[in-house]
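Take a look at the structure, then read on.

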Amino acid sequence: MDILTVSHLTKIYGEGEAATRALDDVSFSVTEGEFVAIVGSSGSGKSTLLHLIGGVDRPTSGHVLLNGADVYARSDEELAVFRRREVGLVYQFYNLVPVLNVVENMTLPVALDGRTVNQDRLGGLLDRLGLRGREGHLPRQLSGGQQQRVAIGRALMNAPAVVLADEPTGNLDTANSREIMQLLRDSNRDFGQTMVVITHDEEIALAADRIIAVEDGRIVRDERIRR
Amino acid sequence: MNAMTTFTIKSLRANKVRTLVTIAGVVLAAALLTAVLTSYTSLQAMLYEAETRIAGTWMAEVQGDDFDGLAAQAQEAQAAGQVNDVAYLRDAGFGELTEQQQNSFGRYLRLADFSGDIETLCSLRPSEGRLPEKAGEIMLFDTWRTAGDGVEVGDTITVPVGERVAVLAPGRTGSMTHGEVPASGGFVGGMEAAEDEIAEGTVLDSSIGYLDAALDGGIFNEELRVTGERTYTVVGFYDNIPYVASHGYGMTAFTCDSPDDELTGLNRAYVTMAGVDSTAAVEQRIEEAFPDRYAELHMGLLRYMGVRTDGAIWDTFFNIAAVLAVVIIVACVSLIYNAFAISVAERTGQFGLLASVGASRRQLRRAVALEALIVAAIGVPLGLVVGIGGCAVTFAALGPSLATIFGAAEVGFNLSVAPWALAVAAGLTVATVLFSVFVPAWRASRVNVIDALRGNQSARASKRGAARAARAANPAKLWRGRGIAGRVFGMGGLLARINEKRGASKGMVASVSLALAIVLLMTAGSLSTFLGTLTKVAGGPVDAGDVGVVAMFSDDTVPGGDGTEGADAAGNAPGAEGADAGAAGVDASAQANGDSLTLEAVVEARNARFAEEAAVYGKAWEVLKTTPDAEPVGWRLDGGVSLIVPEAMVGDAFKADGALHGGQMADGSFAVMGSVVYLEDAAFDRCVADAGLNPADFRDPTEPRALGVGKAYGNNGAVYELLDVLTATGTVQALTAGLCEGEVVSGFAVAYEADGANGAGFDFVPYVFEPDGADGGMTRNLDPADVETATTPVEVVAVLDEAPELVGMYGESVQLIVPMSLAATHSLGIIDPTFRASFDAPEGRSGEVGDDLVNAAGTFFHDEAPFEVAFLAMNDYAGDVASNQTLAMVVNVFCLLFTVILALIAMANVFNTVTNGLILRRREFAVMRSVGLSNRQFRAMIVDECVAWCARGLVPGVLLSLLVSWLLWVAVSGSLSGLSFMVPWAYVALAFAMTAAAVGISVAYGMHRCKADNVVEALRMDSV
């Protein structure tokens, strides 16, 4: 079953002659539990695609359907709620809130939603992410790899419809990169978590079920990897 | 040009807006400082000019008995460069004056022989004619021309001249030294007075004031021993009294080239000098050049010359200027500091980048410092120009009014730019700029390269924040403890609270600028309030009409006696006491009527005298009405009365301690020093009709009836304002006379007696004047128990809320208004009433019309009145009002300018810090929003943070501004006693409102910027 459908998505930055077509009529679908890698060179439009799926930007035209609902039919307020519940975002530079500790950063979307934190899930994630004993640490007291694990924890905390990761290993050394990829892979397998990961690391891409290659705002290749 | 310099200049160019904003801040700071200092130097220059105009340019006066010795020393000192110019004034004897002349010109005609540039040095300028040029010529004070028979230029006068000689007062023995002799009207300089012994027969020189044992408490009187007669040709008059002509024993007449035998007594040298910077230096020069001579310094001048005075008494203005300068400097430091701190903080990434390519910390610091210097190099000169320009424009507009206020209208208030002031303004601004960049530069140089490059703002959390964060890790208690913020602002409030508790900066910058804004606005507010009060009080109550004539007769002359000296007393007012001082005359006439003096006889004599005076004044009014251009408004007589007022009638003012003159007596009623106004019948009838009463009810001479005025001016313990003095109608008793064992009581004072005859409380204390022959006389209190008192009941038929204009508006105690016709039968204890006639005059001519009226009154009283005039003067109300309005306008414009400038600085500062504080965190906001922070939650978070900043800024801000207000109050109250410290609440509210508005606007703008920032863009700001 398709959990995510992208249809005819176009995003144009700027106006007139300066207009840049970051995405040009992109369409594809992702089924539930799928692990998709989006690859492409710098400036190919892959980050734009991710942000549009994540509801942090608005497309020039086209639609994104998540769980059958049109993301951009929502108001800004509804979009905020949508981001809390349906999407988990992981960035290259972690983007943790500097004044919040590990558990607070992880549970921020739940708290913003005004719900009580599921202690079992939080505990499970802390174990899985290897952050036990660091619950009270602030981001600056953690290494890069640890910060990225907190960011992944934040993305997974709500069991969103889809986790979107933008170069999650781009800022990490090889060992940490492998570890992070493994975490994403494991979450995908163990929780059936749908994942869309942007990367230009071929090795990481190969860990995915499917690779979508984007170039100049268009999908140039969409292939499933058979294991 | 090295790489860092190039980088600095390029970055300044690249960030045009920020650079311009910073430069504008520097310009503003430099301009304000320049303006404050230039105002100060200009004022100083004006006061200096005015002082030289009034008193001359002399800096020290050196005295000596031997003229040749003094002159030789002065010449030597001039040759040695110790002094510049010298002028001399030598005692040339004292002219004897007739008793009539003494009223106008003082005890003697002091003769002083001058040489040197007395015009410049001593400001002795003829108002008419010229200075004497050869022996036998004389310049007199202007009253010689105007008073009495009048002397004109070209006339000759012959005066008996002699020496003043000390004579022991009756019953006294011994001698005393000069130091014990009261000052001669000048001031005592830094050096010790010569201790000349004075004994019986000692010849007194001009440095010794008039000796009158009864007045000065000494043992000597003096007399003039006439030695000859001199005749002079009058060549000129002077009308302003410079220091050298002002002495207690009379007006000075100036001569020159007098023969040596006429020049006996003291010689004075007036000197100027260059290159002295303190009073001590002036003293030292004098001591070197004129060893062992007595000298006095021209302190008034030295102060304005910028010569430091030891333990200088600062004027209100200089105090205020000092407080304002400090406030402005703080404001400027904050403005520039913020501009730089923010500009550096915004470029943290850039500095990281530079560091990553090998820039050393020193290089980074220097880059920032260079940037500051470039900004200062552009901003400071511009600021100086703007400051001077602003001053020039302001002075051009307000100068004449300002000069008038400071009593220097002839001099004018001109722009005076002092190089040192510019240097100080420039230096202070540059220092401010350097100080303002030091902290940011230091911070910039310590930027962690990697953090900077990653845009990692982990430094946002403080160490204590980390500890707090660690404690908040218990999963079970996650997001608990929301408190009030959490309840009101929800999740946003909770995030704000966490940020506040764990953040490193805690919005400190914003709080500081908020506090500063409050301080600035309240400073402006306090200044406006205090200066406003100053002008209001200075304005005071104003009488009806444009000009008023005020007169009072003296009781020295028995009715029907010789009254020829009347008119000469014009302008020589001895003060209100004159009336009481002469009470003996009336009462003596009462005694003359019979062998045994009765209370009834005293009352009768007083009533008769009062009726007679009232009749004379009534005629005077008819005469004055015919003065051209004088439009009659009305006339009245008033005087002080001692009243017993029943408790039921008394207002709260008398119940408060010391608010007004009077208080509760042991029997419960109140002893009040009040006043009675006898208003001309027609005007009185109008008042009565206005109050809805029948004028005919007030005409019965056997039952005096009056209108009372409910309010009076007084100090309520805080400010000078209208207080309730009379609240109900009823009958009061006026003390009309008192007799103590055959002695007539001169008057009744009110005093508090802890153990009086009637118990504790206020009571009337009867007193008599001691007929000491002296001018003022002294009083002796009598035991109330021995005094037989006559009272007259006066029924107060109505209490007016508002005093009629013709009554002179509000008084300072209980005021009763009665018709003039009552004057025929009742004095109510008043012996010599004050005559007040009011007239309107054509606009701008009130002064001249006033003079005409006084002259007409003088002539009338001289020719027709059987009494001696104790007091005759003119009040130019219209002129006073005009000058008060000018003062008020200047004060208002000044306050407005100051308030606007400070408000601009304050608001700019708040805006700068708040918006930048938000913009610097936009990446953090983007993160929160990307994980689902809704706009509503975002707003709640920011509003909550702002509330916290405000709360933290307001408390210290208010405390600090109270301190500044208090300092300003101290400065202002120096020139105005009775002004109590008050918090300008209206301005507190305004300051709160403006600050809140500024925060609101800043937040709205900041949030707009953060929101307009695409979340995606904000998140991408990963690198430089």
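A residue is called buried here if 20 or more other C-beta atoms lie within 10 Å of its own. Keep that cut-off in mind for helix 3 of chain A, residues 102–112: 11 of its 11 residues are buried, so this helix is largely enclosed by the rest of the structure. The buried residues of helix 3 of chain A include A:V102, A:V103, A:E104 and A:N105, and also A:P109 and A:L112. Just after helix 3 of chain A comes A:G114, with a positive phi of about 75°. Please remember that this is a predicted model.

Chain A is built with 7 helices and 10 strands. Among the contacts in chain A between residues at least 6 apart in sequence, 70% join residues at least 24 apart.

**Two helix pairs**

Two packed helices are described by the angle between their axes and the distance between the axes. The table sets out one pair from each chain.

| Helix pair | Angle | Axes | Crossing |
|---|---|---|---|
| Helix 4 (residues 119–129) and helix 5 (residues 144–157) of chain A | about 150° | 10 Å apart | right-handed |
| Helix 20 (residues 599–624) and helix 23 (residues 846–864) of chain B | roughly 135° | within 10 Å | right-handed |

In chain A, helix 4 and helix 5 are therefore roughly antiparallel to each other. Their contact is made by A:R121, A:L125 and A:L129 of helix 4 of chain A, together with A:R149, A:I152, A:G153, A:L156 and A:M157 of helix 5 of chain A. By class, the residues of this contact are 5 nonpolar, 1 polar and 2 charged.

In chain B, helix 20 and helix 23 are therefore oblique to each other. Helix 20 of chain B contributes B:K619, B:A620, B:V623 and B:L624, while helix 23 of chain B contributes B:L853, B:A856, B:A857, B:F860, B:F861 and B:E864. The residues of this contact divide into 8 nonpolar, no polar and 2 charged.

**Annotated spans and a tryptophan in chain B**

An unreviewed UniProt entry lists "transmembrane region" for several spans of chain B, including residues 417–439 and 984–1005. In the model, residues 417–439 of chain B are 91% helix and 0% strand, with end C-alpha atoms 34 Å apart. Residues 984–1005 of chain B are 95% helix and 0% strand, and their end C-alpha atoms are 31 Å apart.

Helix 13 of chain B, residues 419–445, contains B:W442. Why does B:W442 count as partly exposed? B:W442 is placed in that class because it has 14 C-beta neighbours inside 10 Å. The C-alpha atoms of B:W442 and B:R362 are separated by 9.2 Å, with the two residues 80 apart along the chain.

Note on methods. Residues are numbered from 1 along each chain as its sequence is written. Chains are lettered from A and ligands numbered from 1 in the order in which they are written. This is a predicted model: local features need pLDDT of at least 70, side-chain atom pairs count only at pLDDT 80 or more; totals for chains, interfaces and linings use all residues. UniProt positions are given in the numbering used here, feature names are shortened, and annotations may be inferred rather than shown by experiment. Helices (H or I, at least four residues) and strands (E, at least two) are DSSP runs, numbered from the N terminus. Axes are lines fitted to C-alpha atoms, for helices over the stretch in contact, and angles run from 0 to 180 degrees between N-to-C directions. Angles under 35 degrees count as roughly parallel, over 145 as roughly antiparallel, 65 to 115 as roughly perpendicular and the rest as oblique. A crossing is left-handed if the near helix is turned anticlockwise from the far one by less than a right angle, and right-handed if clockwise. Two residues are in contact if their C-beta atoms, placed from the backbone, lie within 7 Å. Ala, Val, Leu, Ile, Met, Phe, Trp, Tyr, Cys and Pro count as nonpolar, Asp, Glu, Lys and Arg as charged, and the others, Gly among them, as polar. A residue is buried if 20 or more other C-beta atoms lie within 10 Å of its own, exposed if 12 or fewer, and partly exposed in between; C-beta atoms are placed from the backbone.
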